Amino acid sequence: EYCGYGLSEGKPSEENCISSIDAAYEYLLQLFPPSRIVAFGRSIGTGPTLDLAMRHPEIRGVVLQSPPESCGRAVLGNFGSWVGYHLDIFRNYEKIGLVECPVLVMHGTLDEIVPWEHGLAIYEACQNAVEPLWVEDRGHNNMPNEVCLRRVREFLDELDGLSWGWNIFVTNLATDISVNL
């Protein structure tokens, strides 16, 4: 968890969140090369995730679930974030174009906390976007885990050039389930 969020101690701030993800990344580097690390951020967590990926182009990939263009834009809209620019945090719209690795964006089309258009704007600004996952009739906190995790699995396999294997497995599994029912 990020400092000041959930059960973590500390003060919630953009700087503390970035320090937290940097510490997590440094720990992972002790176990894996950066070419095996895929960063995942959800909602406000997409801010530190994009910041890390922007500064570390060697990261294998990025997954963004329900990303805001910025916190200010999510709450106040574009004009409000422009007026309060220096107060706006997690300005993802400024960083996404600097991320070089493949990026998967997932967003619910009925998100009332971070409107779906934010995810679309982030996706369209990606240098190296992969096929996104737009989940119809889902909001910010009711994204279907099984659907999202399946798309993440496909993304990971695409990064490793194994998507054909996953597709065969899923097709055979669906056939076996259908036959055995």
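Lys95 sits in helix α4, which spans residues 92-95. Helices here are DSSP runs of H or I with at least four residues, strands are DSSP runs of E with at least two, and both are numbered from the N terminus. With a relative accessible area of 14%, Lys95 is buried. The word buried stands for under 20% relative accessible area, exposed for over 50%, and partly exposed for anything in between (1.4 Å probe, protein chains only).

What does the side chain of Lys95 join through a polar contact? Its partner is the side chain of Asp51, at 2.8 Å. A polar contact is a pair of N or O atoms within 3.5 Å; within protein, one must be able to donate a hydrogen and the other to accept it, and residues adjacent in sequence count only if both atoms are side-chain atoms. Setting aside neighbours within four places in sequence, Lys95 is in contact with Glu14, Asp51 and Met54. Contact means that heavy atoms lie within 4.5 Å.

## About the model

This is a predicted model, in which local features need pLDDT of at least 70 and side-chain atom pairs count only at pLDDT 80 or more, while totals for chains, interfaces and linings use all residues. Residues are numbered from 1 along each chain as its sequence is written, and side-chain values use heavy atoms, with hydrogens and water left out.

## The whole protein

Let's step back for a wider view. The protein has 7 helices and 4 strands, and from the N terminus on they run α-β-α-β-α-α-β-α-β-α-α. Of its 181 residues, 41% are buried. Take the contacts between residues at least 6 apart in sequence: 61% of them join residues at least 24 apart.

The protein exposes about 10,100 Å², and carbon and sulfur atoms supply 57% of that area. Accessible areas come from the Shrake-Rupley method with a 1.4 Å probe, and for residues only the protein chains shown count as cover.

Helix α1 covers residues 14-31, and its 18 residues should span 26 Å at 1.5 Å a residue. The expected span is 1.5 Å times one less than the number of residues.

Which residues of α1 are buried? They are Glu14, Cys17, Ile18, Ser20, Ile21 and Tyr25. These residues cover an arc of only 155° around the axis, so they lie on the same side of α1. The arc is that of the directions from the helix axis to the C-beta atoms. On the face turned away from this buried side, α1 carries the exposed residues Glu15 and Gln30. The cover over the buried residues of α1 includes α2 (46-55) and α4.

## Helix α2: mostly covered

In α2, 8 of the 10 residues are buried. Among them are Thr46, Pro48, Leu50 and Asp51; Asp51 is also the polar partner of Lys95. What covers the buried residues of α2 includes α1, β1 (38-42), β2 (61-65) and α4.

## Helix α6 and the cysteines

Helix α6 holds 15 residues (145-159), which should span 21 Å at 1.5 Å a residue, and its end C-alpha atoms are 21 Å apart, in agreement. Its buried residues are Cys148, Arg151, Val152, Phe155, Asp157 and Leu159. After α6 comes Gly161, whose phi is positive, near 70°.

How many disulfides does the structure hold? The number is 0, where a disulfide is a pair of cysteine sulfur atoms within 2.5 Å. Cys17 is buried at a relative accessible area of 2%, and Cys148 is buried at 4%.

## Loop residues to look for

Ser66 is in the loop between β2 and α3 (71-83). Its phi is near 55°, a positive value in a residue other than glycine. Is Ser66 buried or exposed? Ser66 is buried, with a relative accessible area of 0%.

Gly139 counts as buried at 11%. Leaving aside neighbours within four places in sequence, Gly139 is in contact with Gly108, Leu110 and Asp111. Gly139 and Val114 are 25 residues apart in sequence, and their C-alpha atoms are 8.7 Å apart in space.
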